[in-house]
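Please walk through this structure with its charged and aromatic side chains as a guide. The sequence and the coordinates come next, and the explanation follows.

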Amino acid sequence: MVKAGETVLAIPYRYQNNVLQAVMQGSESLIPKYQHQGRQDKFPGGRVEASDTSLRSAFARESEEELWLRLKDGVELAPVHEYIDRRERKIFIPIHIDDFEGEMRTVVIIDNSSILHPPYWIDFTPAVIQTKLYRTHQPGGWAFYNKYKR
């Protein structure tokens with residue numbers, strides 16, 4: 001069961017030449033008190049809304065909003081990691097790219113609070129987790145890497 005205000009994070013992945021790759025996206029805050037942080041590379045996703053009836057509905061909505069990818073019917077979601085950060089639960093959900101339909105977003109999105117750069121594929125390594133992935137996403141990044149690395 002998920003509650004409004006919790007965060008659902010997608011980790012679309014694939015293997016390219018036997019190398020684990022994941023989708024990340026850069027974001028920049030438009031809120032003045034957070035602008036000092038600059039660009040942050042994270043997993044796509046966001047807060048569960050009151051209208052979301054399940055983990056799946058929140059995940060599907062966030063995937064369509066941020067990635068422009070639609071979750072295929074019947075795909076089971078299996079969170080790889082959950083943790084509490086500043087009293088907020090974050091749920092990390094890896095899902096193979098073949099479990100989506102559509103073409104991944106290639107344009108910048110600007111909303112009321114942030115600039116979302118286009119999502120991109122990256123070879124997912126310990127160095128990426130330590131140096132590129134935003135700190136609040138690192139615990140989920142390590143759990144994903146340890147479970148899916150070859």
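The structure holds 11 salt bridges, a salt bridge being a side-chain nitrogen of Lys or Arg within 4 Å of a carboxyl oxygen of Asp or Glu. The model is predicted, so local features need pLDDT of at least 70 and side-chain atom pairs count only at pLDDT 80 or more, while totals for chains, interfaces and linings use all residues. Residues are numbered from 1 along each chain as its sequence is written, and side-chain values use heavy atoms, with hydrogens and water left out.

One of these salt bridges joins the side chains of D41 and K132, at 3.9 Å from N to O. D41 belongs to strand β3 (residues 40-42) and K132 to the loop between α2 (126-131) and α3, so this pair ties together parts that are 91 residues apart in sequence. Helices (H or I, at least four residues) and strands (E, at least two) are DSSP runs, numbered from the N terminus. D41 is buried, with a relative accessible area of 8%, whereas K132 is partly exposed at 36%. Here buried means under 20% relative accessible area, exposed means over 50%, and partly exposed lies in between (1.4 Å probe, protein chains only).

Another salt bridge links the side chains of R70 and E101, with 3.2 Å from N to O. R70 sits in strand β5 (residues 70-71) and E101 in strand β8 (residues 100-101), so the pair ties together parts that are 31 residues apart in sequence. R70 is partly exposed at 43% relative accessibility, and E101 is partly exposed at 34%.

E88 and K90 also form a salt bridge, their closest N and O atoms being 3.0 Å apart. How accessible are the two partners? E88 counts as buried at 14% relative accessibility, and K90 counts as buried at 7%. Elsewhere, salt bridges that share partners join E49, D52, R61, E62 and E65 into one network.

R61 is found in helix α1 (residues 55-67) and is buried, with a relative accessible area of 15%. The side chains of R61 and E62 are joined by a polar contact of 3.0 Å. A polar contact is a pair of N or O atoms within 3.5 Å; within protein, one must be able to donate a hydrogen and the other to accept it, and residues adjacent in sequence count only if both atoms are side-chain atoms. Leaving aside residues up to four places away in sequence, R61 touches R47, V48, E49 and D52, where contact means heavy atoms within 4.5 Å.

The aromatic side chains come next. There are 10 aromatic pairs; rings of Phe, Tyr and Trp (its six-membered ring) pair if their centres lie within 6.5 Å, and planes under 30 degrees apart count as stacked, over 60 as edge-to-face and the rest as tilted. The rings of W142 and Y145 have centres 6.3 Å apart and planes at 85 degrees, so this pair is edge-to-face. W142 and Y145 both lie in helix α3 (residues 138-148), 3 residues apart, about one turn of the helix. W142 is partly exposed, with a relative accessible area of 29%, while Y145 counts as buried at 16%. One aromatic cluster is formed by Y13, Y15, F43, Y83, F92, F124, F144 and Y148.

The charged end of R150 sits over the ring of Y15, 3.5 Å from its centre, and K42 lies over the face of Y134, at 4.9 Å from the ring centre. The rule requires NZ of Lys or CZ of Arg within 6 Å of the ring centre and within 35 degrees of the ring normal.

In the backbone, N17 has a positive phi of about 55 degrees although it is not a glycine. N17 lies in the loop between β1 (7-16) and β2 (19-29), and N17 is exposed, with a relative accessible area of 75%. N18, found in the loop between β1 and β2, has a positive phi near 70 degrees and is exposed at 52%.

As for the whole chain, the protein has 3 helices and 11 strands. Buried residues make up 47% of its 150 residues.
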